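Have the sequence and the 3D view ready.

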Amino acid sequence: ELVIRQILTAGEIRILTRPSASTRHYSKLSNWGTKKSATHVKIINYHPEAMADPQVEQILAPLREAVRKQGLIVRSMKESNASDMEVKKAVGELKALKKQLDDKELALQPPSETFNRSKFADLMIRRFFYDQSFSIYGGVAGLYDFGPMGCALKSNILEQWKRFFVLEEQMLEIDCSMLTPERVLETSGHVEKFADTMVKDKKTGECFRLDHLIKNRLETLIKDKKQTLEVKEECKDIIIKLDGMTTEQMSDIVNKFNMKSPTTGNDLSEPVDFNLMFATQIGPTGDQKGFLRPETAQGIFVNFKRLLEFNQGRLPFAAAQIGNAFRNEISPRSGLLRVREFTMAEIEHFCDPSDKSHSKFIDVENTTMKLYSACNQMDGQPPVDITIGEAVSKGMVANQTLGYFMARIYMFMMKIGVTKEKLRFRQHMSNEMAHYAVDCWDAECLTSYGWVECIGCADRSAYDLSKHGEETKQRLVAERKLPAPKTIQVTELEMDKGLIGKTLRKDSKECVEKLSKLSINEVKQLHEFTDNGKPDPTTGLTLCKIGNKEFSINKEMIPLKSYSKTIHVEEIVPNVIEPSFGIGRIIYTLLEHTFKVREKDEQRTYLSLPPLVAPLKCCVLPLLDNDKFTPLVSMLSKNLCLKGVSNKIDDSSGSVGRRYARTDEIAVPYCITVDFDSLVEPQSVTIRERDSMEQIRVPVSEVVDLVQNLSQGNIVWNVAKVKYPIFESQQTNE
């Protein structure tokens, strides 16, 4: 077997083994130029105690110092307002140095586990947790269907999400249209900025994201022993500057290095910008252009006014929405991690911009989390374990409300079964954040694909409400009571629509619309222009540009009215704290974290999902195919259903041990077995726990309530073992 060592981003190393051609694979990875996928992946967690070794630290010290110095250079350049290109180059060099440090740190730590992706993929497809959509037609990249077990798992996770956030935080849940008019997404910036540059294979039409293609090709040249040192240095310099390059600059690089399609070797087309939204027309005429929404958040923002009214005009409050979003990825990859249609669960918490404290922060302030701050990233330091209270007090996290939601996210991920050691919160560096964002943290989970962003938690300031308010002329504001009344000067535009209509006739309606969008300062500028301009000697009108069109107007058409006003409240545009959950990524992470192989039988795999989110809570099995067992099996299944415990009956052929193995594969935490002792008084059955394979004997009259309490987390297995006797006879069947 060929072993390929691949160093990835901070937090993990992967060692990939290429299996023999006879091995069946259900998932294809994104390695260009090969259809063979990795099977064994050794995952390395970051262990701070390993870094305490003086010899290890001696090796890392020079690399840490290099990262620290480059971080200081980046800070200095930003403070001195250096050009964007210079800053991007310096940040690129910082990232390259940081990657060298991360790689060395991880290389000095022993692997903590081995993940068999081939067996995992086999289980996912065979038990139909999920599969590629339209697979009998060859499938469509980036689209996946959830089977019965995957659908139940997703429903259980979303149910827990609703309970944990919507119910416990008393949020306002809404459900908005997935079809979004173009104007809405123009205002939010998605139409202009939500795009990637791509190229096509001229013969096959296969598309590639241009920056990824260039980076992969240049990295190959850097590793090529035949290339000169000069070429390798040039390639490194291009990779560093790649993020800030224009389409024309990237096109020149493709031509200079004579880059071809990485899968066929064919020539590539000229680069084009590709908007990642799915465009459509609303209505039969096709006059109204729209898109499938790229996120669910905009539906909440445009309904802010109604939500505020429903909440009796009070801040703070939060709105939540679960729904599908769509992004037409150029080259989707990595299974459920990068898809074209996905479920999101988003929260928009609206608060006073001058008061971002949270009344329930005291409840979570002692929660310890692994935080990877922007400063630590720039200084070459690893993530730190710190309480969220300390992080907020030190200014590492911007405010209490952001910190509160980060802690709640951590608690939710622990509740549904994500491995604690494989969860961290990474702060966005300044070059990663949107210009309007105050602070942003990603909840990242370690998988066989590396650290994967599953949840974003950002302070978006007042950007979205301000933009939608400006575009629609709607007052998307809240009111804040003043400590004492105050008098203010108010200036308003009072258009003389009659005069405008009489003068401009057919152009009057368009002129009024454009004038209504002007600010008071812009109207004052028009006044100055009409005073100082050259009016038409016949009409006395001055040709003025309003918006993107010119109209002949005079000052009398657009008078300004000023007056004093006493106010008792002031209007504020609320700020928004946004936790955004990628449900598909959470599902994949959870499945991978809970995928296990039995210690003494590598052919037996199972999923150790917590009972709370397991697709089925219980399976009822007769010991043998015997009609005498049927009435009791049916009764138990019916009573479990009446208690709200999802279950199935497995009376198929095969030994009870083989049937236990089948239930393990679909993550069923508890199995009730009806045997011959169940037919005699006092009637009793056995309950088997999935992870430990231990069994206890329980009276029939108590078994349904016990399974219900176990599946809801009201009691744990160890408590049940104390109360009921251990049963061992059937252990040999496994």
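Y130 is buried because its relative accessibility is 9%, where buried means under 20% relative accessible area, exposed over 50% and partly exposed in between (1.4 Å probe, protein chains only). F146 comes out as partly exposed, at 27%.

Keep in mind that this is a predicted model, where local features need pLDDT of at least 70, side-chain atom pairs count only at pLDDT 80 or more, and totals for chains, interfaces and linings use all residues. Residues are numbered from 1 along each chain as its sequence is written, and side-chain values use heavy atoms, with hydrogens and water left out.

In total, the structure has 22 aromatic pairs. Rings of Phe, Tyr and Trp (its six-membered ring) pair if their centres lie within 6.5 Å; planes under 30 degrees apart are stacked, over 60 edge-to-face, and the rest tilted. Here are two edge-to-face ones:

| Pair | Centre to centre | Angle between planes |
|---|---|---|
| Y130 and F146 | 6.5 Å | 70° |
| F412 and F581 | 6.1 Å | 90° |

The second pair links distant parts of the chain: F412 belongs to helix α15 (residues 400–416) and F581 to strand β25 (residues 575–582), 169 residues apart. Helices (H or I, at least four residues) and strands (E, at least two) are DSSP runs, numbered from the N terminus. F412 is buried at 0%, and F581 is buried at 0% too.

Elsewhere, F115, F120, Y449, Y588 and F595 make up one aromatic cluster.
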